[in-house]
Structure formats: C-alpha cells, structure tokens
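Please consult the sequence and the coordinates below alongside this briefing. The notes that follow are grouped by topic.

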Amino acid sequence: MLQYTIRRLIGMIPIIFLISVVVFTLAKLMPGDALSGKIDPLNSDPEYIEEMREKMGLNDPIPVQYVRWMGGVVQGDFGDSFVHKRPVMELIGDRLPNTIILGLSALLITYLLAFLMGRYSGRFAYSFGDYLVSGFNYLALAIPSFVAALVAIYVFAINLGWVPASGSIGSGVEAGTLEYYLSKAKHTVLPAIVLGAMATAAYTQFLRNDMIESSRKDYVRTARAKGTKESAIYNKHILRNSIIPIVTLLGFDIANLFGGAIITETIFTYPGIGYLFVESVNARDYSVMMAIAMMLTILTLIGNLVADLLYGLVDPRIRLS
Amino acid sequence: MEPSISHQTSPGLVEPAKPQKSQSPWALARRKFLRNKIAIISLVFLLIVCAMSVLAEPLTMPVEETAKINLTQMSKEPSADHYFGTDKSGRDVFARTLHGGKTSLLLAFSITLAVITIGTLVGATAGYFGGWVDNALMRFTDFMMNFPFLLFVIVLKSIFIESSTGTLIFVISVLSWTGTARLVRSKVMAEKENEYIMSAVSIGCSAPKTIFKHLLPNVMSTIIVQATITLAAMIVAETGLSFLGFGVPINIPTWGNMLQEARSPDVLTSKWWIWIPPAAVLTFTILSINFIGEGLKDAFNPKSNR
C-alpha cells in the first residue's frame with residue numbers, strides 16, 4: 001500500500017509538470033498583461049512603461065518567464081496579486097478556510113441526507129416514502145445549482161429572513177468571540193445546504209440499490225432463518241456492507257466540491273477560493289488565477305489517488321499494484 | 001433441390017406460413033419505451049419546448065426586437081400584453097424566454113453532437129486497435145480528465161475575449177468528451193471479442209468498415225443513453241456559464257443570460273416574473289431529458305421487465 005502510494009505520487013510529477021505548462025501557456029494567451037495593475041496609473045509615459053516592463057521581466061522570452069514562475073511555484077511562491085498587492089499564497093490562505101468550512105459542511109449534509117434517505121428507501125423499497133425520495137432525487141438532479149441557490153436565497157434569506165443572503169461574516173463582529181462563530185455558521189448554512197443537498201441523489205440511489213441487492217443475499221436469509229429481528233438485519237448486517245462502497249466516492253468529491261464552489265460562492269458572494277477565482281479572471285489577475293488553477297488540478301489528481309486507495313482499503317479483493 | 005410442396009397445394013387450402021420474424025432489438029426497445037408513460041410525457045414536453053423555441057419568431061417577435069430597450073415598459077408585471085411581464089429594460093420576458101430557449105437548446109445540442117462524435121471516435125479507435133494506440137489515446141484522455149471542467153472553461157473563455165457562441169461550443173466540447181471516450185472504449189473492448197467481429201475481419205472488412213458497420217451499431221444503445229445524459233449536462237453547463245458571465249455574450253438572450261438578472265437583489269426580491277420563467281423552463285427541460293434518458297436506458301436493457 002505504502003509502496004503503491006509512493007509510486008503513484010512519483011508518477012504525478014510529470015503530469016503536474018505538463019499541467020503547469022498548460023496553465024502557464026493559457027495565462028500567457030490571455031489578453032492584456034500583468035503590467036496594467038502594477039504601475040503608477042497616472043504616469044503614461046511610454047519610456048516609463050517600457051522601463052517597468054523590463055524591470056518586471058515581461059520582455060524576457062516566454063520560456064525564461066516560465067522557468068522563473070515555476071521556480072517560485074516549487075518553493076510555494078506564486079508571486080504577488082496585481083489587484084490585491086499581496087503575495088498570492090497569503091491571499092489564498094485568507095480565503096481557503098472559508099471554502100474548507102463550506103465544503104466540509106456541504107459534504108456532511110450530503111452524506112447525512114443520503115444515508116438517511118438511502119437507508120429508508122433501501123429498507124422500504126417501492127413504498128410511498130421510497131417514491132417520495134426518488135422524486136426528490138429526480139428534482140435534485142434536474143435543478144441546476146445556481147437555480148437552487150437563487151430559490152433558496154429568495155425563500156430563506158429574503159422572504160423568511162432566517163439567514164443572510166451573502167458574505168461569510170457579519171460586519172463589526174470580532175474574531176474569536178462566540179458571536180463570530182455563530183455569524184459564520186449562519187452565513188455558511190444556506191450555501192452549504194444548497195451545495196450539499198443537491199449532490200445527494202447519486203449517493204442515495206447507490207445506497208438504496210446496494211441494500212436491495214444485499215437483502216437477497218444468502219447471509220441475510222441465514223439471519224432471517226435464525227430469527228434475527230428485521231430491524232437488526234437491516235441496521236447491522238445489510239447497512240454495514242452497503243455503506244462501504246459509498247466511502248470510496250469521497251475521493252472524487254474533494255475535487256468536485258471545490259469546482260462546484262465556483263458557482264455557489266459567486267451567487268452567495270461568499271469569499272472563498274471559487275469566488276476569488278471568478279474575481280481574478282474578471283480582473284485579469286493572472287498570478288492568482290494560475291495559482292488556483294494549479295491547486296485545483298493537483299487536488300483532482302490527489303482526489304483520484306484517494307479514491308483508488310479507499311477502494312483497496314474497503315475491498316481487499318482489489319489489489320493495488 | 002427446393003422443396004416443392006407449396007406448388008402442389010392450392011393456395012386457398014393451406015394458410016401460407018407467415019415467416020415468424022422475431023423482433024429486432026430496436027423494435028423491442030421502441031415498444032418498451034412507448035409503454036413508459038413518464039418517458040413519453042417527457043418526450044412530448046421536450047418536443048413542445050423545442051418547437052416553441054424554434055418557432056420563437058413567428059410566435060412572438062424577431063430577435064432584434066427582444067433586444068430593444070423600452071423605457072416606457074420597464075419592469076411591468078405579467079399582463080395580457082406581456083404574458084410573463086417585462087424585465088428591467090422593458091424587454092418582453094415571454095419572447096426572450098422563447099428566443100433564449102432557441103439559443104440554449106441549439107448550443108446544448110451542438111455541444112452534445114460534438115462531444116459524442118469526438119468521444120465515440122476516440123473511444124472506438126482505442127478500444128478496437130488496443131496496444132500502443134489504446135495506450136496513447138487513453139493516457140491523453142486521462143490527462144484531459146485532470147482539468148477541472150468549469151475552471152478551465154472559464155479560463156479558455158477569457159482568452160477568446162471577442163468570442164461568439166461558436167467558441168463556446170468549441171471550448172466546452174474540447175473539455176468534456178473524455179467520459180464518453182472511456183465509456184465507448186470499454187463497450188467496444190467487450191464487443192469486439194464476439195465472433196461476428198472476427199468473421200467480419202476474416203472476410204476482409206477494413207478496420208473503419210468493421211468499426212462503423214459492425215461494432216458501433218451494437219454499442220449504439222450505450223451511446224444514445226450517454227448522449228441524453230450529456231445533453232442535460234450541457235444545458236446546465238451553458239446556462240451556468242452564461243449566468244456567471246462567461247458564456248454566451250450578454251446581448252444574446254439565453255436562459256442563463258436571463259437568469260443573470262436575478263443576481264441583482266432588487267430583481268430577485270420583488271420582480272419574480274423576470275427570473276422564475278427561465279428558471280422553471282430550464283428545470284423542467286432538464287427533468288424531461290433525464291426521464292427520457294432513464295426510459296431509454298430501461299428500454300435498451302434486455303434484463304429490465306418494465
């Protein structure tokens with residue numbers, strides 16, 4: 001297992017290198033350059049602009065610029081943001097906790113809802129409740145996340161006024177106090193539910209079908225024959241076997257959540273990585289954009305590895321080699 | 001020698017034995033699909049939406065009219081003049097929803113066509129030839145899969161800043177064919193082990209002929225189901241991107257561009273008629289496509305007995 005993990009990690013290095021080339025090329029292809037944000041806007045003297053270009057290395061050949069950028073990236077330095085005038089890593093470090101809180105709460109909601117609904121539907125398959133659950137699933141699959149977000153804001157934030165519609169923290173709240181955490185939770189709950197509840201359909205269906213299939217297996221018949229209570233059969237025997245495959249989906253979720261956060265965070269103007277990305281693309285803040293693109297792509301790679309490892313972990317029949 | 005019994009008996013006496021033709025898999029699937037009520041209702045709904053979108057101009061007004069800003073008619077509630085009311089610039093929401101549907105659906109259908117074509121070609125080539133061809137193509141597919149979809153569409157879109165809908169089709173297609181390619185490859189790999197493929201090769205069928213004439217018709221059911229899934233996903237992708245401002249140029253009405261108006265709190269709070277119609281049509285369209293996909297999947301599955 002350890003050997004396999006190490007081999008996979010080493011195998012990622014050339015892929016990450018290729019991805020960095022793609023990301024850098026795309027950033028260079030984008031119109032305008034980093035200069036506009038960095039120089040004195042009042043001074044439009046061509047000589048001054050040329051001097052600044054030279055100083056910032058924007059006149060160097062592209063490969064030289066790439067090596068310089070990559071040299072920094074390897075050391076964890078993605079340069080400075082042109083808009084925020086701060087190191088990119090600092091900026092991302094500010095926003096990342098928000099996205100992680102949002103992502104984890106959404107994941108928790110997804111798993112909790114899917115567990116409850118899947119368990120119910122699996123046990124009482126083809127009942128009225130099962131049809132209700134599958135009806136919800138069809139709707140959740142069909143409603144695009146941004147439409148769901150709009151409706152949620154309209155109903156819960158505006159009409160009912162339960163939670164705020166945007167941001168991640170109330171104004172004038174001091175960090176570290178109880179009030180601060182409550183305000184944070186209040187701001188996070190709506191985007192988390194939208195992000196989480198809309199993703200349950202696949203899990204619910206997975207758990208339901210697996211439970212139905214398991215309930216026809218021999219060990220269940222044995223348990224029944226021995227007079228085990230029906231609730232014990234479902235909660236102890238079947239559920240334990242059916243819950244395992246779901247865990248493996250966790251790896252793919254890591255990357256998906258960050259990707260999905262782009263839309264959700266933008267609608268809720270929730271200051272996380274996704275919103276930062278949209279802002280930086282709009283403002284042509286290339287260093288931030290490249291950093292986020294690199295981070296999310298690497299995260300996808302790691303997510304795939306985690307998924308593969310979990311597969312091997314929960315099902316010993318799969319040998320990783 | 002031909003048996004000559006039929007020549008001797010007069011045609012009136014013996015009922016001519018009807019050739020017992022067994023139903024083709026396609027006919028079986030069609031019958032199963034037609035019996036699926038939800039799928040048929042969805043299909044009818046989707047056809048109506050498509051027809052109304054295509055006929056948007058005769059039904060309402062030309063596209064140019066929908067873009068005209070009308071200061072006297074700003075933010076009017078639904079009435080007999082404007083079935084769905086007007087938006088903040090005084091444009092008729094009903095007309096824009098129909099015209100928006102035309103753009104959104106046309107885009108989704110074109111992207112789906114491109115995605116399925118690329119995916120099938122890559123997948124079938126990799127699966128049929130195997131060996132180093134398979135290896136090279138699949139490594140490339142895996143590599144493309146690493147790029148988070150939404151993020152890279154946004155990046156690519158901002159490169160082509162003066163872009164039209166054509167670039168959007170290109171950008172989305174380039175990033176989303178990988179799933180189809182993998183699926184088709186696995187199906188082709190299983191299918192090519194059959195004897196009819198070996199006999200086709202042994203009588204001298206060229207590789208393209210074997211693939212297109214013998215292999216692909218037998219994996220077509222998978223491809224069709226995948227196409228419906230892709231279609232739904234692409235409607236979401238287009239509207240989502242337009243909603244964020246990275247999709248279709250804002251002056252062209254699409255469902256996503258119309259929903260973008262709801263990003264202003266004023267519209268979201270008190271002018272529900274501006275954003276509810278595109279949101280509802282969008283959701284029901286995707287829902288109907290999903291049901292059709294389910295129905296097709298069921299119909300093509302010989303094991304299901306619905």
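**Helix packing and overall organisation**

In chain B, the axes of helix α6 (residues 93–129) and helix α7 (residues 131–145) come within 7 Å and cross at roughly 145 degrees. Axes here are lines fitted to C-alpha atoms, for helices over the stretch in contact, with angles from 0 to 180 degrees between N-to-C directions; helices (H or I, at least four residues) and strands (E, at least two) are DSSP runs numbered from the N terminus. This is a predicted model, in which local features need pLDDT of at least 70 and side-chain atom pairs count only at pLDDT 80 or more, while totals for chains, interfaces and linings use all residues. Residues are numbered from 1 along each chain as its sequence is written, and chains are lettered from A and ligands numbered from 1 in the order in which they are written.

**The α6–α7 pair of chain B**

- The crossing of α6(B) past α7(B) is left-handed, a term that applies if the near helix is turned anticlockwise from the far one by less than a right angle, clockwise being right-handed.
- On the α6(B) side the contact is made by Val122(B), Thr125(B), Ala126(B) and Phe129(B); the α7(B) side contributes Gly131(B), Val133(B), Asp134(B), Leu137(B), Met138(B) and Thr141(B). Two residues are in contact if their C-beta atoms, placed from the backbone, lie within 7 Å.
- The residues of this contact comprise six nonpolar, three polar and one charged. Ala, Val, Leu, Ile, Met, Phe, Trp, Tyr, Cys and Pro count as nonpolar, Asp, Glu, Lys and Arg as charged, and the others, Gly among them, as polar.

**Interface between the chains**

- Chain B places 28 residues in contact with 31 residues of chain A.
- Four helices of chain B, namely α8 (149–159), α12 (207–244), α14 (265–270) and α15 (272–300), each supply at least two residues of the side that touches chain A.
- With eight residues, α8(B) gives the most to that side of chain B.
- By class, the side of chain B that touches chain A has 21 nonpolar residues, seven polar and no charged.

**Nonpolar core**

- The largest nonpolar core has 130 residues, of which Ala149(A), Leu150(A), Phe277(A), Ile292(A), Leu151(B), Val153(B) and Ile172(B) touch the most other members. Such a core is a set of buried Ala, Val, Leu, Ile, Met, Phe, Trp, Tyr and Cys residues joined through C-beta atoms within 7 Å.
- The most residues in this core, 15, come from α12(B).
- Beyond its neighbours within four places in sequence, Val153(B) is in contact with Val171(B), Ile172(B), Leu175(B) and Leu241(B).

**Chain A: fold and burial**

- Chain A has 14 helices and zero strands.
- Of its 321 residues, 32% count as buried. A residue is buried if 20 or more other C-beta atoms lie within 10 Å of its own, exposed if 12 or fewer, and partly exposed in between, with C-beta atoms placed from the backbone.
- Among contacts in chain A with a separation of 6 or more, 70% join residues 24 or more positions apart.
- Gly11(A) lies in helix α1 (residues 2–29) of chain A and counts as exposed because it has 11 C-beta neighbours inside 10 Å.

**Backbone features**

- Most residues other than glycine have a negative phi.
- Tyr126(A), which is not a glycine, has a positive phi of about 65 degrees and is found in the loop between α5 (88–123) and α6 (128–142) of chain A. Tyr126(A) is exposed, with 10 other C-beta atoms within 10 Å.
- Thr269(A), also not a glycine, has a positive phi of about 35 degrees and lies in the loop between α12 (250–267) and α13 (273–282) of chain A. Thr269(A) counts as partly exposed, with 13 C-beta neighbours inside 10 Å.
- In chain B, none of the eight residues of helix α11 (residues 195–202) is buried; just after α11(B), Gly204(B) takes a positive phi of about 95 degrees.

**Annotated transmembrane regions**

- An unreviewed UniProt entry annotates transmembrane regions of chain B, including residues 38–56 and 272–293. UniProt positions are given in the numbering used here, feature names are shortened, and annotations may be inferred rather than shown by experiment.
- Residues 38–56 of chain B are 95% helix and 0% strand, with the end C-alpha atoms 27 Å apart.
- Residues 272–293 of chain B are 100% helix and 0% strand, with the end C-alpha atoms 31 Å apart.
- For chain A, the UniProt annotation (unreviewed entry) of transmembrane regions includes residues 288–314; this span is 100% helix and 0% strand, and its end C-alpha atoms lie 38 Å apart.
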